[in-house]
Amino acid sequence: QARLVESGGGSVHAGGSLKLSCVVSGLPFADYCLGWFRQVPGMERELGAIAGIDDDSITYADSVKGRFTVSKDNVQNTLYLQMNNLKFEDTAMYYCAAVKTRCSRVALRVADYEFWGRGTQVTVSS
């Protein structure tokens, strides 16, 4: 089975920045659509899409466009999420996920992703 491990979360003040990483193993990295999602506190299994990326495209949710940047390293098998100008409403558990299909088909569709990490917490204070 594939394994995805997130890191880089923490606590920041509004306006600050964080960079999240997701190390992927047990999976042909370049053949998968990779995504970032988040779950707000108290919202069990209610995930919101952030971005999806593969070798051909990048798709962002409107809520983060212009503030967050997703990237990946096919050699290191690592997915990244650079988050700038963080807002209080960005506070959430952040998850990376993967599915073996083109992102053009599934980029922001939570239900289509097959493999998930355990998450990393991001807390933004007002």
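Reply: The side chain of Thr-78 reaches the backbone oxygen of Gln-76 at 3.0 Å, a polar contact (a pair of N or O atoms within 3.5 Å, one able to donate a hydrogen and the other to accept it; residues adjacent in sequence count only if both atoms are side-chain atoms). The model is predicted, so local features need pLDDT of at least 70 and side-chain atom pairs count only at pLDDT 80 or more, whereas totals for chains, interfaces and linings use all residues. Residues are numbered from 1 along each chain as its sequence is written, and side-chain values use heavy atoms, with hydrogens and water left out.

Thr-78 belongs to strand β8; strands are DSSP runs of E, at least two residues, numbered from the N terminus. Thr-78 is buried because its relative accessible area is 7%, and buried means under 20% (1.4 Å probe, protein chains only). Leaving out residues up to four places away in sequence, Thr-78 touches Ser-21, Cys-22, Val-23, Phe-29, Ser-71, Lys-72 and Asp-73, where contact means heavy atoms within 4.5 Å.

Beyond its neighbours within four places in sequence, Leu-81 is in contact with residues including Leu-20, Trp-36, Ile-50, Val-70 and Tyr-94.

Methods
Helices (H or I, at least four residues) and strands (E, at least two) are DSSP runs, numbered from the N terminus. Buried means under 20% relative accessible area, exposed over 50%, partly exposed in between (1.4 Å probe, protein chains only).
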